2 protein chains.
Amino acid sequence: MKRKLLILPALLLAGMTFAQEVDLKAIEKIKKEGLENSKVEEIAFQLVDKAGPRLTNSEGYERAAEYAVKQLSDWGLANSKTEAWGEFGRGWEMEKSYIAMTKPYYMPFIAVPKAWTESTKGEVSGKVIFLDIKTEEDFAKYKGKLKGAIVAIKPSGTQEPTYEADAERYTAEQLHGMEHPAPREPRGNGGPDRAADFRAARALSQKINEFIIAEGPALIVKGVNGRHGTLFTSSPRDYAKGTPVGIPELETAPENVNLMARLSENGVVVELEAEVKTRYRNDDLQGYNVIAEIPGSDPTLKSEIVMLGGHLDSWHGATGATDNAAGCIVMMEAVRILQATGLKPKRTVRIALWGGEEQGLHGSRGYVKNHLGDRETMELLPEHEKVSAYYNIDNGTGKVRGIYLQGNAAVAPIFNEWFLPLDDIVDDRTITIGNTSGTDHQSFDALSIPGFQFIQDPIEYRTRTHHTNMDTFERLELDDLRQMAVVIASFVYNTAQRDELLPRKELPKKQ
Amino acid sequence: MKRKLLILPALLLAGMTFAQEVDLKAIEKIKKEGLENSKVEEIAFQLVDKAGPRLTNSEGYERAAEYAVKQLSDWGLANSKTEAWGEFGRGWEMEKSYIAMTKPYYMPFIAVPKAWTESTKGEVSGKVIFLDIKTEEDFAKYKGKLKGAIVAIKPSGTQEPTYEADAERYTAEQLHGMEHPAPREPRGNGGPDRAADFRAARALSQKINEFIIAEGPALIVKGVNGRHGTLFTSSPRDYAKGTPVGIPELETAPENVNLMARLSENGVVVELEAEVKTRYRNDDLQGYNVIAEIPGSDPTLKSEIVMLGGHLDSWHGATGATDNAAGCIVMMEAVRILQATGLKPKRTVRIALWGGEEQGLHGSRGYVKNHLGDRETMELLPEHEKVSAYYNIDNGTGKVRGIYLQGNAAVAPIFNEWFLPLDDIVDDRTITIGNTSGTDHQSFDALSIPGFQFIQDPIEYRTRTHHTNMDTFERLELDDLRQMAVVIASFVYNTAQRDELLPRKELPKKQ
């Protein structure tokens, strides 16, 4: 597919008619509303600052969902509600997190309790023992020595100075390179050795966990990656109800843990004091999405659906501004724009803000299974053939630079046409046949319902915000969010007005 | 002055004789020792990690000074000792620092107690009141409302994403631009209005302080500048003995304080809990430098002195790796190299590691006053005419790219000659007639003793490390420290061997 670099001024475009389907007057209304009357800053305040961290089934997630349900309803959407998608597990709240080195000198550390970790028994203190376990033989070094101790584990990464900017936007050249992605290597191409290595590493990791739990230290201080006060949180503890008690764990800035490691390795006794207090929420183990609709205005087409969404849950180390309040802000703003313009889409527009994405796309997968079909049995539900497309945002705060087709070549000319009247706000628009993965459009794509993520400028997503303690309001580029909302509202509107549903890829075989 | 870009391979240089004074064989020995047998990593561990934060008159400063005295002595330097330079004030230790938002949800904050701040009365908690005082009339808003409260002050800067790299090295073009600095505008050129504005702002700031102390809040939470978990500490509380009790103060990450500010401004009640525990050290109010010497080998010239140094004190939010353990590491390594090569300089080489620099160049000023002369009375001491030069490092971890002449044009051809055999390790060597300020060479320059700072690559000095909570071991570029030590050892050696003392600028007039 070839990228068209045609750039036309908006005023000129407004007077043109494109083949078949783009209602340019509608697009101009969307732009005007989205760029001149934007509400993204207000929505951002509500989802990011006021709701706070939105770990699945936490109070913050509930606050955000309550706000979204009410706000969408206030904008006139129908059927605005939370909807259970199945059992997730327990919620979890952080009530205290403190850690400091006390010997050889006092130094407060930067840390975040591992998600779903247990509490310490009040404030714990004492000498730090570094764990360095490479094989099961290493267990002997520590056997019987960890009871009640504070154990530390070094981070894997390094923290040398950074000669590249934290924030970046794609160049035209980088985008061009995405148009024809190198074919992915077939799965499992690492060969039997690599697969075996992976299984062995996982088995060892499991044994190390069991060993540590059996030895019963008071606290695990795990050095994670990051730098300069930013730290990346890692996979959570098990959140299933009734998970056996483990060892409290603090994910700690690598500079802090490496300081202790260098001291220990040079024979200096290191002591810490720390307190972690957390609380589980076992009352309701169901997971919830937020759903609301703009009912279609066309008597025939209103039974068909255009979906848009993003995940509402976040990690717990910060307020999840770019991962993924950004996507929810944009999607909420997109439906607000459609309402405010009075455009009355022919098909029904349905917004979904997902829970449980960070733990495995649970909310969108559950939704698809409940409403559209079962990927495992390939039993499809009636609505499966009614959903024209699902549009997702989950790559941070950067504006739209194009779209990933997820291998659905038939939509390329359609999207190309839809991007043309947006050329004044989408620089170097790029349409790639390639896939992007790791988020909720995959739940739809798995059943060949056209599900798309947009190409977004990376900004600080990989360097500073994705799963970090620094994913805060300051990291939002509000102008980018405004642009995204206009693009999404346009795509959703065009999808709702199009004569046909979007073309689909062939249905996959039963798994 | 013109920069010579002549680059000659080291081997070729080794066989050449330069006009007058460069002993190329000696320089080759220095390079070999400094680049092949470097001890900068060991020295860095001792000063940075093991000594820890080195606030003037703190235990960390004492640990670092003790190590340096012993290490310099072990390398065979004479007269290695700490030397009091006059009264500084009390020492200060941090014993606990904890702050977290507890309402509307729990969020641990990143903060550093303001240097020399008081302790809170145990753990304090409660609602946060933001102070926004622009004139004395604003006092009325808060009068009688702050007693026992937690007050917060917003940071002045902003924290948008960063599209420039944290770390940088000078380009040849940037260095070229330094050669002919724009003339400094004369002091006080802001004119009477600006000076009056400045005095008014300072007077208001003083009144605000007095107002806050009189109102008696339990804690001040001051948003400082920085981003992504890095925060810049600011000027300290008064460290004089017997300073009246003030209000405990935590310098807090701007993202944290701005979160509370946005919540408060939108009517959400914000509560905090915090504890600050500090301890003053009143036993010995003297300030100390570390001094050691390589006695000169020439019977006539040994009474003359070449000095090198850097400040050993740091701020307290981190381990002061680049500000200024780096300078001390380099200077210690430079004298170690001179000892290890057995070069036996003709003049006496004296290393000085200063205390109290961060509070006003106190250590070097006191030293100069005690040994060389009084800037105010212009009464000079006998040693004033004996010190050929003082070389200083205090601009972080970046390697040497040239030198500031501090207006002493007569040394330009000499330094140019000295840089030539270092061309293989000093890229785009630049000699500028310009000044650099803010550190200890000024104490010497003030009495026209040739005092110099080198031009260093900035790396992360301004963005991440200078006075921050993230000035840690990881921020050191060890290869750069090695290069610096070779350059300094060469310059010191050349100064010690030169027929004459370095040319001086005219003596300043009595102040």
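How exposed is Asp428(B), going by its relative accessibility? At 23%, Asp428(B) counts as partly exposed (buried is under 20% relative accessible area, exposed is over 50%, and partly exposed is in between, with a 1.4 Å probe and protein chains only). The views below come from a predicted model, where local features need pLDDT of at least 70, side-chain atom pairs count only at pLDDT 80 or more, and totals for chains, interfaces and linings use all residues. Residues are numbered from 1 along each chain as its sequence is written, chains are lettered from A and ligands numbered from 1 in the order in which they are written, and side-chain values use heavy atoms, leaving out hydrogens and water.

**View 1. Chain A on its own.** Chain A has 14 helices and 18 strands; these are DSSP runs numbered from the N terminus, H or I for helices (at least four residues) and E for strands (at least two). The radius of gyration of chain A is 25 Å, close to the 24 Å that the globule rule gives for 511 residues, so chain A is as compact as a globular protein of that length. (That radius is taken over C-alpha atoms, and the rule is 2.2 Å times the number of residues to the power 0.38.) The C-alpha trace of chain A spans about 75 × 50 × 50 Å along its principal axes, and 61% of the 511 residues of chain A count as buried.

**View 2. Where chain A meets chain B.** Here 58 residues of chain A are in contact with 58 residues of chain B, contact being heavy atoms within 4.5 Å. About 4,400 Å² is buried between the two chains, with carbon and sulfur atoms giving 59% of it; buried area is the accessible area (1.4 Å probe) that two parts lose on being put together, summed over both. On the chain A side, Tyr163(A), His228(A) and Glu474(A) lose the most area to chain B, together 16% of what that side buries.

View 3. The rule finds 10 salt bridges between chain A and chain B (a side-chain nitrogen of Lys or Arg within 4 Å of a carboxyl oxygen of Asp or Glu). Glu255(A) forms one with Arg475(B), with the closest N and O atoms 3.0 Å apart. There are also 24 residue pairs in polar contact between chain A and chain B, both residues at pLDDT 80 or more. A polar contact is a pair of N or O atoms within 3.5 Å; within protein, one must be able to donate a hydrogen and the other to accept it, and residues adjacent in sequence count only if both atoms are side-chain atoms. Helix 8 of chain A supplies the largest share of the side that touches chain B, six residues.

**View 4. A salt bridge inside chain A.** The side chains of Arg237(A) and Glu118(A) meet in a salt bridge, 2.8 Å from N to O. Arg237(A) sits in the loop between strand 9 and strand 10, and Glu118(A) in the loop between strand 4 and strand 5, so the pair ties together parts that are 119 residues apart in sequence. Both residues are buried.

**View 5. Another buried pair, this time in chain B.** Asp457(B) and Arg401(B) meet through their side chains in a salt bridge, 2.7 Å from N to O. The two are 56 residues apart, Asp457(B) in the loop between strand 18 and helix 13 and Arg401(B) in strand 16. Relative accessible area is 0% for Asp457(B), which is buried, and 3% for Arg401(B), also buried.

**View 6. Asn57(B) in its loop.** Asn57(B) lies between helix 3 and helix 4 of chain B and, at 8% relative accessibility, counts as buried. A polar atom of its side chain is 2.9 Å from the backbone oxygen of Gly89(B). Asn57(B) also touches residues including Trp92(B), Arg281(B) and Asp284(B).

View 7. A cis peptide bond joins Lys103(B) and Pro104(B), with omega about 10°, and Pro104(B) lies in the loop between strand 2 and strand 3. Another cis peptide bond joins Asp323(B) and Asn324(B), with omega about 5°; Asn324(B) is in helix 9. Back at Asp428(B), phi is near 55°, a positive value in a residue other than glycine, in the loop between helix 11 and strand 17.

Conventions
Lists of a residue's contacts leave out its neighbours within four places in sequence.
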